[in-house]
There are 2 protein chains.
Amino acid sequence: MKYRIIISFLLLTASLAAIGQEKQSRKSKKTNSAVAEKGLIKVSVMYPFAEGKTFNMEYYETKHMPMVAGFLGSNLVKYTIEKGLANGIPNQPLPYMAIGIFYVKSLADYQAAIAPNRDAIRADFANYTNIVPVILVSEVVR
Amino acid sequence: MKYRIIISFLLLTASLAAIGQEKQSRKSKKTNSAVAEKGLIKVSVMYPFAEGKTFNMEYYETKHMPMVAGFLGSNLVKYTIEKGLANGIPNQPLPYMAIGIFYVKSLADYQAAIAPNRDAIRADFANYTNIVPVILVSEVVR
C-alpha cells in the first residue's frame with residue numbers, strides 16, 4: 001500500500017512536470033514568432049525594377065548575402081531574402097525585383113563592420129545585378 | 001524489491017519523456033526563428049518620405065493596422081511595423097517614413113479579404129497620413 005502511494009505520487013509529479021514544460025514551450029514559441037523582431041534595426045537593401053534591369057537570385061542567395069552576413073558577426077540576428085512578385089496596386093509596375101534584409105542589434109556595430117568591407121561588397125554587385133539598390137535603415141516597432 | 005524496480009522504471013520513463021519533450025521544444029523554436037517566414041507572401045505597404053508629408057505612428061499601430069489585420073483572418077501569419085530612420089547611403093534622403101507588412105499564406109485569400117473592405121481601409125488613410133503608399137507583393141525565399 002505504501003508503495004502504491006509512492007508510485008501514484010511519482011506519476012502525478014511526472015504528469016505535472018510534463019504539463020508545465022508544455023506550457024513553457026508554448027509560451028516561448030508565441031514570444032518567438034510574435035516579438036522576435038521588435039526593437040531590432042532593419043537594414044533593407046531594395047533593388048528597384050526597371051526595363052533592362054537584371055537580378056540573379058541564385059548568386060544573391062548563395063554567394064552575396066552569405067558573404068555580407070559573414071562580415072556582421074554576432075550583431076546579426078537574422079537575414080531574409082524576398083523576390084518581388086507584383087505591385088499591390090493593379091496595373092502598376094513591380095516596385096522592387098528583390099530585397100535583402102539584415103536584422104541587427106546595433107546600427108553602429110553594423111556600420112563599423114561594413115565600412116572596411118564596402119569595396120568588396122560593391123565589387124560583388126556586378127556578379128548578380130545591374131541595379132543600384134535603395135537602402136533603408138529602420139527600426140522594428142512592432 | 002519488486003516495487004523498487006517499478007519506481008526506478010517510472011522515474012526513468014518520466015526523465016526520458018522530459019528529455020524528449022525538451023528536444024522537441026528546442027527544435028520547434030529553432031524552426032520558428034530561422035525559417036518561419038520562408039515561403040510566405042509578404043505584402044509591404046511602404047510610405048515614401050517627402051517634404052510636407054506626415055505620418056501618425058501611434059494611430060497606425062493602434063488603429064489602422066489592427067483593423068486591416070482583422071480583415072485577414074487565419075490567412076494572416078503575422079504583421080510587423082517599422083519606422084524609417086535613415087537612408088543607408090550617407091547624405092541621401094530617407095526613402096520611407098514607415099512600412100507595414102502583412103505575412104500571409106495565400107495571396108488569393110488576401111485579395112479576397114481586402115476587396116470588400118478597400119473603401120474602409122482607404123477612408124482611414126486620412127486619419128494618420130497624407131502619403132500615398134507604394135505596395136509591394138513579394139515571396140520570402142529565405
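The largest cavity of this structure is lined by A:K42, A:S44, A:M46, A:E82, A:I99 and A:I101, together with B:K42, B:S44, B:M46, B:E82, B:I99 and B:I101. A cavity here is a set of points, on a 1 Å grid over the protein atoms alone, where a 1.4 Å probe fits but cannot get out, and lining residues have an atom within 4 Å of a point. What you are looking at is a predicted model, in which local features need pLDDT of at least 70 and side-chain atom pairs count only at pLDDT 80 or more, while totals for chains, interfaces and linings use all residues. Residues are numbered from 1 along each chain as its sequence is written, chains are lettered from A in the order in which they are written, and side-chain values use heavy atoms, with hydrogens and water left out.

Let us stay with the cavity for a moment. The search of the whole structure finds 1 cavity of 30 Å³ or more, and about 70 Å³ of space lies in the largest cavity. For such volumes, grid points are joined across faces, edges and corners, and the volume is the space filled by probe spheres set on the points. β1 and β3 (96-104) of chain A, along with β1 and β3 (96-104) of chain B, each supply at least two residues of this lining. By class, the lining has 6 nonpolar, 2 polar and 4 charged residues. In this scheme Ala, Val, Leu, Ile, Met, Phe, Trp, Tyr, Cys and Pro count as nonpolar, Asp, Glu, Lys and Arg as charged, and the others, Gly among them, as polar.

Now step back to chain A as a whole. Chain A has 4 helices and 4 strands, and from the N terminus on its elements run α-β-α-β-β-α-α-β. Helices (H or I, at least four residues) and strands (E, at least two) are DSSP runs, numbered from the N terminus. Of the 142 residues of chain A, 40% count as buried. Buried means under 20% relative accessible area, exposed over 50%, and partly exposed in between, with a 1.4 Å probe and protein chains only.

Next come the charged side chains. There are 6 salt bridges over all chains, a salt bridge being a side-chain nitrogen of Lys or Arg within 4 Å of a carboxyl oxygen of Asp or Glu. In one of them, B:E82 meets A:K42, with the closest N and O atoms 2.6 Å apart. B:E82 lies in strand β2 (residues 76-87) of chain B and A:K42 in strand β1 of chain A, so this pair joins two chains.

A:K78 and A:E37 are buried. A:K78 also meets B:E37 in a salt bridge, again given as 2.8 Å, N to O. B:E37 lies in the loop between α1 (2-35) and β1 (41-48) of chain B and A:K78 in strand β2 of chain A, so the pair joins two chains. Salt bridges that share partners join A:E37, A:K78, B:E37 and B:K78 into one network.

The structure holds 18 aromatic pairs over all chains; rings of Phe, Tyr and Trp (its six-membered ring) pair if their centres lie within 6.5 Å. A:Y47, A:F55, A:Y59, A:Y60, A:F125 and A:Y128 form one aromatic cluster. Rings also meet charges: the charged end of A:R142 sits over the ring of B:Y79, 3.9 Å from its centre, and B:R142 lies over the face of A:Y79, at 3.9 Å from the ring centre. A charge sits over a ring if NZ of Lys or CZ of Arg is within 6 Å of the ring centre and within 35 degrees of the ring normal.

Finally, turn to a loop. A:N91 lies in the loop between β2 and β3 of chain A, and its phi is near 70°, a positive value in a residue other than glycine. At 81% relative accessibility, A:N91 counts as exposed. In chain B, B:N91 is in the loop between β2 and β3, with phi near 65° and a relative accessible area of 80%, which is exposed.

Conventions. Rings of Phe, Tyr and Trp (its six-membered ring) pair if their centres lie within 6.5 Å; planes under 30 degrees apart count as stacked, over 60 as edge-to-face and the rest as tilted. On a 1 Å grid over the protein atoms alone, a cavity is a set of points where a 1.4 Å probe fits but cannot get out, and a pocket is an open set with protein on both sides within 12 Å along at least five of seven lines; lining residues have an atom within 4 Å of a point.
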